[in-house]
Amino acid sequence: MTTSIMETVWLPLRLSIQVSIVSTIMVALTGTALGYLLSRKDFFAKDVIDAIITLPMVLPPTVTGYYLILILGRRGFLGQFVYNWTGWTLAFTWQAAVVASFVVSFPLMVKTVRAAVDSVDPELEKASLLLGKGEVETVVKITLPLAWKGVLAGMVLSFARGIGEFGATLMLAGNIPGKTATMPLAIYSATQSGDSVLANSLVIILTLLSLTVIYVTNRLSRKGLTFGRDIDYKRASNL
Amino acid sequence: MIIVRDLHKYYGDHHLFKGISLDVKKGEVVVLIGPSGSGKSTFLRCINGLETFQEGEIDVDNIALHSISRPKPSSADMEAIRQVRLKVGMVFQQFNLFPHMTVLENIVEAPVRVLGIARDKAEKEAMAFLARINMANKADARPENLSGGQQQRVAIARALAMKPKAMLFDEPTASLDPEMVGEVLSVIKDLVNEGMTTVISTHEMGFAREAADRVVVFADGEIIDTGPPDEIFSNPKNERTKSFLSRILR
């Protein structure tokens, strides 16, 4: 019984969390950078890049997954070189699930950060530059701290999207129990095989996990909202 | 100190600056007046590289900013702009204090990071200056909890903490409630009396008259008149200066 709970509940849960955390970290770093660039800079083919990274938001995840196979599969556009050099292929590994999560959550991160950076007054960045600070320091010290709620929101959305990712993961990583079968895939398998007890357990755990993430995020951002008001409370108590 | 020669700037087809030349000597106080949209703000922003220009040259304390016709400035241009910014402080109409930092952090952040001054030394100097402008008790406040006049005084303190050789003020009192204009102008007056080289664009004609060594009148992207305040205000010779003053002093 213990072993079967381990295998049927814990493994998909751990895998989902692991995949989503790794994917979210990657998305946070790259998506924040691209979100900032799209908001503040003009560069070659900006609109085309924006359109391409947005595509996974509108395409069926299976189509996104199919593209990923074409690019990263063993005989894929890039995957064949990796396979020829190293004998390793991304497809049907847990890292493939990370890539699938990354690709589908990347536009969520980029769009949220872009909107957040758009809302930061560029004059504040100019004030920082005029004080002699470099552009990178200005981004790190002024722009991103002022846009942090967008960055956080983007990360939560990306994490949630990663936890819920199904179609692209199924295409690129498959549904291998203990290896690539994340929660949504395990729920699908349990339902298909008529194991409603397992399906119910997994669904409840996934729901609770998602609720917890949303709750913690709301708490965090509310704390952030009051950061300027601490002084008011102090002042009020002095009066 | 600040030499501007034959400055031309275009926005697309619009010829904004039609050859502006201005020479500001060390310790001189130059007040720019003129109708809104005459280019005073943009002119100040050219001096510290926030705006590019297509013809002419600006020289700030022997560092030359060249005209830039290419879309991207070269790294030498960027370095010159950075050097100029270290010499020239700027205060904006909208204060532009960093909302996520306290008053003290706003002031000491750049001296510590950019000039490499020790944090406790920078904080001591900042507190001394805040005491001078009667704001020592606001050191830990956030900008959102300050009045406009207080925010602008902090913005001046922030610019001065970088120990600039000259200060640019872009309509520093234009977004203040009338009762707060005085407190900001008095801080600027103190600064001017200490000999700070200052270029200030303003609609406060009383201040211009009192504090300026020279008044420069902008209209339609040109300097149409320049002279000592007495001459400009009491005995303007230029017709357009006369008509501008009669509108604003009515």
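**Note on a predicted two-chain model**

1. In chain B, four strands make up an open sheet, ordered β2-β1-β4-β5, with antiparallel pairing. The edges are taken by β2 (14–24) and β5 (63–66) of chain B; each has a single partner strand, so one side of each lacks a neighbour in the sheet. From one strand to the next, the twist averages 20°. The model is a predicted one.

2. Helix α1 (residues 40–47) of chain B touches β1 (2–11), β2 and β4 of chain B, and its direction makes about 120° with that of β1(B). Helix α2(B) touches β4 and β5 of chain B, at about 125° to the direction of β5(B).

3. The contact between the chains takes 16 residues from chain A and 21 residues from chain B. On the chain B side, the elements giving two or more residues are α2 (75–87) and α3 (103–115). That side comprises ten nonpolar, five polar and six charged residues.

4. In chain A, the axes of helix α3 (residues 61–72) and helix α5 (residues 94–118) come within 11 Å and cross at roughly 125°. The two helices are therefore oblique to each other, and their crossing is right-handed.

5. Where α3(A) meets α5(A), Pro61(A), Thr64(A), Gly65(A), Leu68(A) and Leu72(A) face Val99(A), Ala100(A), Val103(A) and Val104(A). This contact has seven nonpolar, two polar and no charged residues.

Conventions
Residues numbered from 1 in each chain as written. Chains lettered and ligands numbered in written order. Predicted model: local features only at pLDDT ≥ 70, side-chain atom pairs only at ≥ 80, totals over all residues. Contact = placed C-beta atoms within 7 Å. Nonpolar A, V, L, I, M, F, W, Y, C, P; charged D, E, K, R; others polar. Axes fitted to C-alpha atoms, helices over the stretch in contact; angles between N-to-C directions. Parallel < 35°, antiparallel > 145°, perpendicular 65-115°, else oblique. Left-handed = near helix turned anticlockwise from the far one by under 90°. Pairing = 2+ DSSP bridges.
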